[in-house]
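Me: I have a new structure open and have never looked at it before. Can you walk me through it?
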Amino acid sequence: MEDNERVQKFGAKQTERMQWFSERYDDIANGVLAPGGRIYLGDKTNRQCRYCGKTRPAVKFQKVAHAFPEQLGNKTLLDHLECDTCNEHFSTMLEDDFAKWTMPLRSPVQGSEHYSPLSSILRPLITTQTNELVVMALLVTVTVEGVLHLEFPHLRARPPSLLEQIASAKKLVRRLKNVEDTFRTRINNALDNMARLRTSDKLKDLRKHGVISKQMIDAWQSLRNASTHATIDPKVFNNERLWHDGYTVAMMLHLILFTAIGYSGRYMDFSVTGWPEKEFLTPTLDSVNAETSTNVEAASPT
Ligand SMILES: [Zn+2]
């Protein structure tokens with residue numbers, strides 16, 4: 001099948017699904033689920049279960065039925081038209097598993113449950129199919145950048161002399177006559193970039209301190225480039241390589257976070273086949289003998 005044809009078929013299928021939903025369901029405005037009042041669906045005096053179609057006395061309507069799972073934050077929208085039998089069925093057969101499955105994904109929005117935001121990045125990486133994996137690759141590599149930016153602002157700081165030179169160059173640009181504004185902006189941007197700390201520099205620094213390995217930086221680089229520039233071609237997809245790089249970068253992210261929070265102790269190394277258990281020792285990042293630190297490099301396979 002041609003790609004175009006496949007896309008069209010998929011689009012048609014989606015449209016069909018959306019129609020099915022819009023015929024059977026009403027949209028609920030976002031604000032409706034704010035804590036406070038309760039909203040009941042259906043007629044309380046004339047109850048017929050919307051799922052099994054049964055009425056009293058064949059089924060009972062004594063339990064509080066949530067229109068969609070309570071675990072997802074629904075305390076507001078309740079259903080008069082769900083019998084106790086169906087309610088029981090959904091909660092034992094579906095909702096518990098569903099809640100567990102979506103647990104890491106829900107963590108950033110549900111403050112009451114203490115799942116780390118990191119798990120929301122890692123979980124999809126482990127559970128997704130190939131296509132989503134490309135998206136996850138982008139997410140996990142960008143997360144590395146974000147964490148480095150937040151937790152390690154001073155790694156590989158630019159020398160003051162360079163910053164001074166950049167500042168005087170910018171002054172010079174301001175004084176230039178007969179140039180267009182766009183030209184001025186572009187030069188200024190280029191100068192700002194020179195002053196900015198690059199993620200790869202920070203990663204190299206962390207490697208020097210023995211936090212991460214060269215293999216991890218390479219995996220990050222290839223994943224980052226491929227996913228940002230969309231050069232992963234589905235036709236020649238090296239799935240195994242992508243998985244491995246994904247795990248390796250996720251592992252690197254763990255080690256960086258261990259360093260950020262000062263964790264020392266056991267961990268499982270997902271970047272090595274068989275996931276061996278290892279010992280992590282948080283390095284002192286400003287120590288002079290940084291090169292002697294051997295958390296990862298020595299133990300990693302080539
Ligand atoms: Zn029912």
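Reply: One term before we start: a residue is buried if 20 or more other C-beta atoms lie within 10 Å of its own. Bear in mind that this is a predicted model.

Me: OK. Is threonine 141 buried or exposed, then?
Reply: Threonine 141 has 25 other C-beta atoms within 10 Å, so threonine 141 is buried.

Me: Where is threonine 141 found?
Reply: In helix α4. The C-alpha atom of threonine 141 is separated by 8.4 Å from that of alanine 250, and these two residues are 109 residues apart along the chain.

Me: Let's step back. How many helices and strands does the protein chain have?
Reply: Nine helices and four strands. Along the sequence the pattern is α-β-β-α-α-α-α-α-α-α-α-β-β.

Me: And what percentage of the residues count as buried?
Reply: 19% of the 302 residues. As for contacts with a separation of 6 or more, 62% of them are between residues 24 or more positions apart.

Me: What's in the largest nonpolar core?
Reply: That core has 24 residues. Val144, Ile212, Met216, Trp220, Val249, Met252 and Ile256 have the most contacts inside it. Two or more residues each come from α4 (130-151), α7 (199-208), α8 (214-228) and α9 (239-261).

Me: Which element gives the most to this core?
Reply: α9, with nine residues. As general background, nonpolar side chains tend to be buried together in soluble globular proteins.

Me: Pick methionine 216. What is methionine 216 in contact with?
Reply: Setting aside neighbours within four places in sequence, methionine 216 is in contact with Thr248, Val249, Met251, Met252 and Ser271.

Me: Why does α5 lie largely in the open?
Reply: Because the number of buried residues in α5 is zero out of 16.

Me: What about α6, how many of its residues are buried?
Reply: Zero of its 15 residues, so to speak hardly covered. α6 reaches 21 Å from its first C-alpha to its last, close to the 21 Å expected at 1.5 Å a residue.

Me: At what angle do α5 and α6 pack?
Reply: At about 175°, with their axes 10 Å apart. An angle over 145 degrees counts as roughly antiparallel, and α5 and α6 are therefore roughly antiparallel to each other.

Me: Which residues make the contact?
Reply: From α5, Leu163, Ile166, Ala169, Lys170 and Val173. From α6, Arg184, Ile187, Asn188, Leu191, Met194 and Ala195. By class, the contact has eight nonpolar, one polar and two charged residues.

Me: What lies in the loop between α5 and α6?
Reply: Asparagine 178 is one of the residues in that loop. Its phi is near 60°, a positive value in a residue other than glycine. Asparagine 178 is exposed, with 4 other C-beta atoms within 10 Å.

Me: Which tryptophan has a positive phi?
Reply: Tryptophan 275, at about 45°, although tryptophan 275 is not a glycine. Tryptophan 275 sits in the loop between β3 (265-268) and β4 (277-280). With 13 other C-beta atoms within 10 Å, tryptophan 275 is partly exposed.

Me: Now cis peptide bonds. Which residues does a cis peptide bond join?
Reply: One joins arginine 56 and proline 57, with omega about 5°. Proline 57 is in the loop between β1 and β2.

Me: And alanine 58, where is that found?
Reply: Alanine 58 is also in the loop between β1 (39-41) and β2 (77-79). Alanine 58 counts as exposed, with 11 C-beta neighbours inside 10 Å. The C-alpha atoms of alanine 58 and cysteine 83 are separated by 9.7 Å, and along the chain the two are 25 residues apart.

Me: Last one: glycine 37. Where is glycine 37 found?
Reply: In the loop between α1 (3-24) and β1. Glycine 37 counts as exposed, having 7 C-beta neighbours inside 10 Å. Glycine 37 and threonine 76 are 6.4 Å apart in space, C-alpha to C-alpha, and 39 residues apart in sequence.

Conventions
Residues are numbered from 1 along each chain as its sequence is written. This is a predicted model: local features need pLDDT of at least 70, side-chain atom pairs count only at pLDDT 80 or more; totals for chains, interfaces and linings use all residues. A residue is buried if 20 or more other C-beta atoms lie within 10 Å of its own, exposed if 12 or fewer, and partly exposed in between; C-beta atoms are placed from the backbone. Two residues are in contact if their C-beta atoms, placed from the backbone, lie within 7 Å. A nonpolar core is a set of buried Ala, Val, Leu, Ile, Met, Phe, Trp, Tyr and Cys residues joined through C-beta atoms within 7 Å. Axes are lines fitted to C-alpha atoms, for helices over the stretch in contact, and angles run from 0 to 180 degrees between N-to-C directions. Angles under 35 degrees count as roughly parallel, over 145 as roughly antiparallel, 65 to 115 as roughly perpendicular and the rest as oblique. Ala, Val, Leu, Ile, Met, Phe, Trp, Tyr, Cys and Pro count as nonpolar, Asp, Glu, Lys and Arg as charged, and the others, Gly among them, as polar. The expected span of a helix is 1.5 Å times one less than its number of residues.
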